[in-house]
Amino acid sequence: MTSLSPAQQRDITYQLHPYTNAVKHSQIGPRIIERGEGIYVFDDQGKQYIEGMAGLWSVAVGFNEQRLVDAAQRQMQKLPFYHTFTHKTHTPSIELAERLVQCTNGQMSTAFFTNSGSEANDTVIKMVWYYNNALNRPEKKKIIARNRGYHGVTVASASLTGLAPNHRGFDLPLPAMKHTTCPHYYREGRPGETEEDFATRMASDLEALILREGPETVAAFIGEPVMGAGGVIMPPNTYWDKIQAVCRKYDMLIIADEVITGFGRLGTLFGSEKYRIQPDIMVLSKQITSSYLPLAAVLLNDKVNAVITRQSGELGTFGHGYTASGHPVATAVAIENLNIIQEKGLVDNAASTGQVLQTALRALADHPLVGEVRGTGLIAAVELVADKGSRRPFDPLGSVGAAVYERAHEHGLLVRGIQDSIAFCPPLIITESQVHDMVDRFATTLDEVHKTL
């Protein structure tokens, strides 16, 4: 962008953007997205882009699903807002809570609604503390997450997040949040170490951290079934089985952060299903409404819910909640969104077109810039390296990833650069031909960037 439009100038003047270098933004200005259609979005100049990230890992049903618009309009006309505090409720929140619990096939027993995944994980922290106080274990409060894990941006949830940009300048993480090794076999595996051996070492690292901190002080482990914003990190073979065994050994709650992986992204309804995770707490957001409206849910199993319920009786209330917890319009849209996912077979589509995506991206493995291709279902990443044999990263880290991210715009493709990994997470409605088109645009981008190096 050379000359900035009046709209771009107003944006620079009046809006501070998330995850944005504000100084650079004032120089280059924003790209203004005006409308959406299926897997595509269009900017204010009319240019079409394949939204290869489904917005922010989140738009399952595409960018112009009229059924969701209609569901919101119907609910706005009937009951545009009501709360769920102090024994009040409304039909959409009841129906969605029931639907979500039923989707887990008996694993979970109740739902608590928030507005975002960050707020949901913030709520989870408070629930874990509330739970252990109720069990007369006031010292059992630490929560272990993973380096490169992503769990949100509130003060507490950002402390669970294991990414430096979410900590720098914010005096984070809080001391009760600890981090164990990132299970990235490509980067963290040792020479000659099998994936199973690597998973065993990851479980040993977790156990060693628990013992250093004191098992009586460690309350829970939180993890994404597949790590998203940290670079689409796949769990190595046997990883989740071994991690869960350690958690159960030390009486720790297991929290599955399904904000990205929930509702079909991996080709199964939940990531927990794919990796045999048996969580005590499950966190859902993003694809719950295809992000048409803000909504998230915390699901609790019987064990946790029973203790929290009893404690609320002893204290007189569960003193936590948000004005929009279970908002009637958001929950009504979520119900219709889940109906669409089911009726259109989008979980199965993610499995079948996901295989096409994984195969097409892996066909780029011999490209001079490509170090690793990883993913499952409709989520993937291509890690770029300076030297394929030694896996040496570029210096400075992220420079080539940024170049690919920027150049992809010229080919009508929106992806995400995570350091030097390029992430893909298209809408679940994507077709096989659209997958090939997306990968072709990416391959062209890779070739052009490679020529400039």
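Is K303 buried, partly exposed or exposed? With a relative accessibility of 38%, K303 counts as partly exposed. The legends below describe close-up views of a predicted model.

**View 1. The salt bridge between D280 and K303.** The side chains of D280 and K303 meet in a salt bridge, with an N to O distance of 3.5 Å. D280 belongs to the loop between α11 and β9, whereas K303 is part of helix α12 (residues 302-315), so the pair ties together parts that are 23 residues apart in sequence. The two partners are placed in separate accessibility classes: D280 is buried, at a relative accessible area of 3%, while K303 is partly exposed.

**View 2. The salt bridge between R276 and D241.** In this pair, the closest N and O atoms of R276 and D241 are 2.6 Å apart. R276 is located in the loop between α11 (271-274) and β9 (281-284), and D241 in helix α10 (residues 239-249); the bridge therefore ties together parts that are 35 residues apart in sequence. R276 is exposed, with 54% relative accessibility, and D241 is partly exposed, with 34%.

**View 3. The salt bridge between R67 and E343.** R67 and E343 form a salt bridge in which the closest N and O atoms lie 2.9 Å from each other. Because R67 is in helix α4 (residues 66-78) and E343 is in helix α13 (residues 328-343), the pair ties together parts that are 276 residues apart in sequence. R67 is partly exposed, its relative accessible area being 26%. For E343 the relative accessible area is 53%, and this residue is exposed.

**View 4. A network of salt bridges.** Four residues, R187, E372, R374 and E383, are linked through salt bridges into a network. The count for the model comes to 17 salt bridges.

**View 5. The surroundings of E65.** E65 is found in the loop between α3 (54-57) and α4. Its relative accessible area is 12%, and E65 is buried. When residues up to four places away in sequence are not counted, E65 touches Y292, I340 and K344.

View 6. L284 has its place in strand β9 and counts as buried, at 0% relative accessibility. Beyond its neighbours within four places in sequence, L284 is in contact with L100, E258, V259, F263, F270, A296, A297 and L299. For one of these partners, A296, the separation from L284 is 12 residues in sequence and 5.5 Å in space, taken from C-alpha to C-alpha.

**View 7. The crossing of helices α5 and α13.** The axes of helix α5 (residues 91-103) and α13 come within 8 Å and cross at roughly 40°. That angle makes α5 oblique to α13. The crossing in which α5 passes α13 is left-handed. On the α5 side the contact involves P92, S93, E95, L96, R99 and L100. These residues meet P328, T331, A332, A334, I335, L338, N339 and Q342 of α13. By class, the contact of α5 with α13 has eight nonpolar, four polar and two charged residues. L100, one of the α5 residues in this contact, is also among the residues in contact with L284.

Technical notes. Residues numbered from 1 in each chain as written. Predicted model: local features only at pLDDT ≥ 70, side-chain atom pairs only at ≥ 80, totals over all residues. Heavy atoms only, no water. Helix = DSSP H or I, 4+ residues; strand = E, 2+ residues; numbered from the N terminus. Buried < 20%, exposed > 50% of the residue type's maximum accessible area, 1.4 Å probe, protein only. Contact = heavy atoms within 4.5 Å. Axes fitted to C-alpha atoms, helices over the stretch in contact; angles between N-to-C directions. Parallel < 35°, antiparallel > 145°, perpendicular 65-115°, else oblique. Left-handed = near helix turned anticlockwise from the far one by under 90°. Nonpolar A, V, L, I, M, F, W, Y, C, P; charged D, E, K, R; others polar.
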